[in-house]
Amino acid sequence: MPKTLVMKFGGTSVGSVDALVGATRILQDAKRNWARVVVVTSAMSGVTNLLLDSAASASHGKIDSLREAESTLREKHFSAADTLIRDEKLREQTKADINALILSLVDLCKAIAVLGEASPRALDAVASLGERMSVRLLAAVVNDAGTKARAVESTGFVITNAHYQNAHPDFRMTTEKTRAVLNPLLDEDIVPIITGFIGATQDGVITTLGRGGSDYSAAIVGSVLPADDVWIWTDVDGVMTTDPRIVKSAVTLPEISYSEIAELAYYGAKVLHPKTIRPVVDAGIGLRICNTFNPSHPGTRLTTNGRSNGNAHQPEKVVKAVTAIRKQRLVTIEGRGMLGVPGVAARAFGAVASTGTSVPLITQASSEQSICFAVPSETAPFVLQALEKVFVHEIEDEDIDRVWSTEDVSIVTVVGAGMRHTVGVAGKVFSQLGNSGVNVLAIAQGSSEVSISLVVDNADTENAVKTLHQLIVQ
């Protein structure tokens, strides 16, 4: 069977004339080395936000800004087409196709304005337009550069449930349809250029796959074809040891395990969304993160256990990366009357769930006299309100003394699969922080044992990250 590569280009990788030229060159290079190449692309950078802002304005009855949005979208896509597509017929056809999608945005926004609200289904229809414009532009640019390509909308083969804005694929139907649509093109040596981020229900209604959607699309297509490798092209040199804006000496990790990257993504590192990784892991497919703007850099290769065959004899670093997620608050429920009372935690997290809030970290005192957990700062007031409502009688009876939250804090996470087998890592972490005068407010260790998370005061975030990053270079 000929080797198959799936490549995904993010918004910045197709966001300008220069970026499109770079992406085309990368595609042509890949085509020399791989018999079958599939491309998944995001919308041009900034486009999805512009589309959703237009829908939000329309839901408040404001459609004055629509004309400006229209001209921005035309300028962005048409100027790239005019610069890069020499074939006049192809150029005009591409612009006409993109223009039709811009006009459908206007129609959708007018309909939203009449209704006075934007339903999740309508928002998915609006959000999908960016990718649908992007594939037409990129496919035309690639064709004009001499490589056979075809724009393909993933609505025809990524079949999902009707959970708009965060749809889940039906893998059985998606496998069948993806192979039926893409294999004939690949057999003719055509590069399918596919819309990321979107799918459709069985009835053909457009859905979106939620955060990290285009990466997820690449993983889905890669796993069901199946591909031999999936490469995610972005605007950084892969996964870094920490945020280079905080620590200038941060470096790219040549390899990282699936469990490590899942922890990093969960705790704020802007790498792959954990959901993205799963189909690729399940299918046993190689995954690489590379930089469109520095294509000669090897990037980061994801491995099952954090070390590839070539590095089997090298000692594994205990700590590989440090990440921070800011703008969190610690919520505490405390009271001696909670001791031995069953169901307090269940009721507490039921109340949190009712506000639609995700909890990234939980700690409970062994005395059972307090439960403490982190929530995003903007949701803290709603969470406190929900908890006070649920525990109103316990508060009146003084079984619960108080429900309160801190000011803004950060969750700093140390990640490394080597921690699982190494004694004394936690001790080193806390000694390091203590020596730098960083006070730790709460601690949690992931059940995967590849991470330790600490809550620190907002003002201590950078100091904590810099201090813990030193453990990587030791």
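A: Start with accessibility. Buried means under 20% relative accessible area, exposed means over 50%, and partly exposed lies in between (1.4 Å probe, protein chains only). By that scale D29 is partly exposed, at 38% relative accessibility. This is a predicted model: local features need pLDDT of at least 70, side-chain atom pairs count only at pLDDT 80 or more, and totals for chains, interfaces and linings use all residues. Residues are numbered from 1 along each chain as its sequence is written, and side-chain values use heavy atoms, with hydrogens and water left out.

Q: What counts as a salt bridge, and how many salt bridges are there?
A: The rule asks for a side-chain nitrogen of Lys or Arg within 4 Å of a carboxyl oxygen of Asp or Glu. The count comes to 21 salt bridges.

Q: Which residue forms a salt bridge with D29?
A: R32 does. The closest N and O atoms are 2.4 Å apart. R32 is exposed, at 63% relative accessible area.

Q: Where do R32 and D29 sit?
A: Elements first. Helices (H or I, at least four residues) and strands (E, at least two) are DSSP runs, numbered from the N terminus. R32 and D29 are both in helix α1 (residues 17–33), 3 residues apart, which means about one helical turn separates them.

Q: Which parts of the chain does the salt bridge of K3 with D228 link?
A: Here the closest N and O atoms are 4.0 Å apart. The pair links distant parts: K3 is in the segment before β1 (4–9), and D228 is in the loop between α7 (213–224) and β7 (229–234), 225 residues apart. D228 is partly exposed, at 35% relative accessibility.

Q: What about E334 and R402?
A: Their side chains meet in a salt bridge, 2.7 Å from N to O. E334 lies in strand β11 (residues 321–334) and R402 in strand β14 (residues 402–405), so the pair ties together parts 68 residues apart in sequence. E334 is partly exposed at 24%, and R402 is partly exposed at 40%.

Q: Which residues are linked in a network of salt bridges?
A: D82, R91, E92 and K95.

Q: Now the backbone. Which peptide bond is cis?
A: The one from L225 to P226, with omega near -10 degrees. P226 is in the loop between α7 and β7.

Q: Is F197, with its positive phi, buried or exposed?
A: F197 is buried, at 15% relative accessibility. Its phi is near 75 degrees, and the residue is not a glycine. F197 is in the loop between β4 (191–195) and β5 (198–200).
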